[in-house]
Amino acid sequence: MQQKFLNHINQNFPFLNGKKLLLATSGGLDSMVMVDLFQKSNYAIAMAHCNFQLRGIESFQDEKFVQDYAASNNIRLFVTQFDTEAFAKDYKLSTQVAARELRYNWFYELLETENFDYILTAHHADDNLETFLINFVRGTGLEGLTGIPSQNENVIRPLLVFSRNEIENYAKKNFVEWREDSSNASDKYLRNKIRHKLVPILNELNPDFLFSFQKTQNHLKDAASIVNDGEYIIYQEVVREQEDGTVFFNLKKLTQMTNYKAYLYQWLKEFDFSDWASVYDLVESQSGKQVLSTQFRLLKNRDFLILTPVSTLVENQEYFVEKSQNEVKVPLKISFCKEADISLVSNASIFVDEDKLQFPLVIRRWNEGNIFQPFGMKGKTKKVSKLFKDEKLSLIEKENTWILCSDNQIVWIIGIRQDERFKIDNTTKNILKIELQ
């Protein structure tokens, strides 16, 4: 196995040579074999052990075992203890998910603070099979059937090509000591039920089942690669991303696809939407309908679906501008400067009679009942909401609109339209240019 391991590393992870490696070490069979293999291969390694305090004294015996091994082999060791059950309760997570969150957050912290290049975990082929079956039982897409990735950014899983039997045989032949986790014998968790009850039946049906599964999973990975390539090409045709993070999905182009729902799922799954029926219904819904996830919103606006983060701004927040100020930076970057002459007026800049203003000016959100006098329409007023309708602004664009006010009168619907009442005229002595940067 040692030679097979070296060949595997040199062929698939040659970049590990000369790097600082942090090996996740529980003290169990898999992680202790991984440590032994890398140690004998002369890599620069350190060990990281998490005590989740889930098995009473056993957890601390595991910690002591790893500490003794590191000390006797002169390997640098990092140890931490977690109150996993309290964390799971506080964040309403399962114990397994809580442990995973705690573990990887700590690993990434060590990468940053101790300048390690990669984290290595001891997942093996049987783990991969069990993960596949768990996802299959719960229901999953193609991605869930491709199993545990051998590399995920800085996380490397170098033992995925080895079976549990291979690892155990290596440990016995090379006198590698390890700790048995008593919880592995319990069928409390789904993974253990699959390991103890389902996998033996599959092996009985086909003694080479694990090998057959690995071949099948390689085919699935190839298929997933083809799907990802096709999905990317369609994404370029259908989707437009703006610099502020807003994403537009062109519905006319999207609905030309035979199975557009599959594309929507693939593109939106990372944004934590759960009510997929409502997401798909948006395509045929009227403008203004929306679906929310924990942090994002998907809005139907005419021929587009628009994806944005959920706004955290306070609706009634006001920002004041004193007469002495030359600029403001929040909530928008706006400059104020006195001008002797006027240049071309645009949506991004206006020229007003400074003497008509009452300071401090106020920048705030617009309200449904706001009325202003559009520039060029002397004596005629208009609801701000009617202007938005005429301009065909989406709900998101409306929500992101700010107004500049003087004594509760609108001076400028910022970036859209100036008010007539504050324009310069033949009697103006002090011209103020207000510009959205």
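Reader: Taking a disulfide as a pair of cysteine sulfur atoms within 2.5 Å, how many disulfides does the structure hold?

Author: The structure holds 0 disulfides. This is a predicted model, in which local features need pLDDT of at least 70 and side-chain atom pairs count only at pLDDT 80 or more, while totals for chains, interfaces and linings use all residues. Residues are numbered from 1 along each chain as its sequence is written, and side-chain values use heavy atoms, with hydrogens and water left out.

Reader: And Cys 405, buried or exposed?

Author: Cys 405 is buried, at a relative accessible area of 3%, where buried means under 20% (1.4 Å probe, protein chains only). Cys 50 is buried too, with 11%.

Reader: Switching to the sheet of 5 strands, what is the strand order?

Author: The order is β7-β8-β11-β10-β9, in an open sheet with antiparallel pairing; strands are DSSP runs (E, at least two residues) numbered from the N terminus, and two of them pair if DSSP finds at least two bridges between them.

Reader: Which strands stand at the edges?

Author: Those are β7 (239–241) and β9 (290–292), and because each has a single partner strand, one side of each is left without a neighbour in the sheet. On average, neighbouring strands of this sheet are turned by 15° against each other, direction ignored, with axes fitted as lines to C-alpha atoms.

Reader: How many bridges join β10 to β11?

Author: Strand β10 (residues 296–301) is joined to the antiparallel strand β11 (residues 304–309) by 6 bridges.

Reader: What's the bridge partner of Leu 298 there?

Author: Leu 298 has Leu 307, in β11, as its bridge partner.

Definitions and conventions. A disulfide is a pair of cysteine sulfur atoms within 2.5 Å. Buried means under 20% relative accessible area, exposed over 50%, partly exposed in between (1.4 Å probe, protein chains only). Helices (H or I, at least four residues) and strands (E, at least two) are DSSP runs, numbered from the N terminus. Axes are lines fitted to C-alpha atoms, for helices over the stretch in contact, and angles run from 0 to 180 degrees between N-to-C directions.
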